[in-house]
Amino acid sequence: MKEKLLSWYHRSLEFWAGLPKKRKLWIISGAAALLVVITVILLLTNIKQYAPLYSNLSTSEAGQIKDTLDSQKVPYRLSNGGTTISVPQSQVDALKVELAAQGIPKTGQIDYSFFSQNAGFGMTDNQFNVLQRAAMQTELANLISNSKGVQSAKVMITLPPTDVWVSNQGNQGQASASIVLNVDPGYQLSSSQVQGLYHLVSKSVPNLPESNIVIMDQYYNYYDLKDSNSGNSTLSTYDQQQQIIHNFENGIQQKVTEMLTTMMGQGKVMVNVTANVDFTQSKESQNLVQPVNPQTMEGLETSTQHIAETYTGAGAAGQVGTGTSDVPTYQAGTNGNGTYQKVEDTVNYQFNRIHRDVTNSPYKVTDMGIQVMVEPPNPNNNNSLSQQRVNDIKQILNSIVQTSISNPQGQELPLNQISQKTYVSVGRLNGQIQQPTAGGWGIWPYIIGGGVLAAVIGAIIWLILRNRNREEDEEAIVQDIPQDDELAAALNQENPEQKKYSELEKLARQKPDQFVKLLRGWMSDDR
């Protein structure tokens, strides 16, 4: 069996040595590619994909779930400061059902199901009132948590003491409620939502007017019912103004970034926008009179009057007189026949009369600046970005500034002033803002792929060097091989047969190639 294996081994070596180098490279490349594919498939099939089982857990709840998973030997991962537990994706549904059947996680809160599970006669009135208030707080928190944009809620209710004596007062003490909302980041409750929360809490607790309810979020923003009813934002005036400035700057920054990224490439542009906004509001009343036809500056004819008087006869001429009823400068004339004529035209025009009550915009952008940092195509050579491209970017920024600023005089700003509000810097961007990746395997596939590729390259290099060394050894062996006659003479000189067999066995172990050639020589001699 050993001899067969050796013969196969030597035949395979001879076959490999007889192949051309091009075919050897093809065989090595194909084997390496097959090895890479098999390795990647094995890695992908063995990698477990984790999915969140529970999120936003408290430390006590996370500890309960962790102990249960440890007892069941289920792999898990903790993230977000221990508030999120992830398990293999294939086990998420089964574990949720199983943990829910065991009552895990136990929040420690008391709801109305506590009374059905622990009903008994050993409970005092004070204990019952405490448990009832705790259950009411829990149920209200659960109801509020179902609102859009609200992750969770904490409710604290203060109930007035009950008086067993008959009182002449028409109303008893009033309850109060304090609520803290855990709102989603960036979400703003609308006025209708705030009003709905006030009504919900007021109708859920006996004798609780809406004026005794206080609602705020985790950012200490106070939600006032009066502000919500009046249609104003729950934020203060300063917060509203800062939000408007922030939205304007972000809008301009996003548009400029998208435009320049398309021009320069991803990760090559950094944009910063600063704006000065005037929130002064003013109202004015205008009474305008305008002609109907602006070209002729005439109005619309509403009425026309034409008067024509003619007289022919004696006494048409006037007389000289200085009396009270005479005209002193009237020329004297004869009392003969004369003619008198009078024509009078009266036209009434109607013009456009306009009354306007103008309320100016709640804010105006009085000044703004845009600063842009651009990385050239070759980060180590600033001259790789042409000056024409820099001028194009500058022109784009100037156009945005010109159309965004509101000039009180209604005139466009001069180009030199606009150019001072934009700045373009060309240089290497040494730091990039990394965006958080949601889930996935992260960089592990790249690390694994790089490791596999390095292993394949190392194996190919090792095989090439090994083949080269083997070829050199074979050449040296061929040169050192003794002639068949010399080897036969040396063997014939040693009479003991045992020594011949030992030498042949030693030759077969140490130099199999020489042994094969010796056998071939013997076989040719026998023929």
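Two strands pair if DSSP finds at least two bridges between them. Helices (H or I, at least four residues) and strands (E, at least two) are DSSP runs, numbered from the N terminus. The figures show a predicted model, in which local features need pLDDT of at least 70 and side-chain atom pairs count only at pLDDT 80 or more, while totals for chains, interfaces and linings use all residues. Residues are numbered from 1 along each chain as its sequence is written, and side-chain values use heavy atoms, with hydrogens and water left out.

**Figure 1. Pairing of strands S8, S13 and S14.** Strands S8 and S13 are antiparallel partners, joined by 10 bridges. Within this pair, Asn276 lies opposite Asp367 of S13. S13 also runs parallel to strand S14 (residues 422-426), with 5 bridges between them. Here Val374 faces Val426 of S14.

**Figure 2. The largest nonpolar core.** A nonpolar core is a set of buried Ala, Val, Leu, Ile, Met, Phe, Trp, Tyr and Cys residues joined through side-chain atoms within 4.5 Å; buried means under 20% relative accessible area, exposed over 50%, and partly exposed in between (1.4 Å probe, protein chains only). The largest core has 25 residues, and those touching the most other members are Ile252, Val271, Met368, Ile370 and Val372. At least two residues of this core come from each of helix H9 (237-264), strand S8 (269-278), strand S13 (364-374) and helix H10 (387-404). H9 gives the largest share, 6 residues. In soluble globular proteins, nonpolar side chains tend to be buried together.

**Figure 3. The surroundings of Val372.** Contact means heavy atoms within 4.5 Å. Leaving aside residues up to four places away in sequence, Val372 touches Leu260, Val269, Met270, Val271, Leu397, Tyr423, Val424 and Ser425.

**Figure 4. A nonpolar surface patch.** Val289, Val347, Tyr349 and Phe351 form a nonpolar surface patch of about 310 Å². Patches are made of residues with over 30% relative accessible area and no salt bridge, with like charges joined within 9 Å and nonpolar side chains (Val, Leu, Ile, Met, Phe, Trp, Tyr) within 5 Å. A salt bridge is a side-chain nitrogen of Lys or Arg within 4 Å of a carboxyl oxygen of Asp or Glu. Accessible areas come from the Shrake-Rupley method with a 1.4 Å probe, and for residues only the protein chains shown count as cover. Val347 belongs to strand S11 (residues 337-350). Val347 counts as partly exposed because its relative accessibility is 33%.
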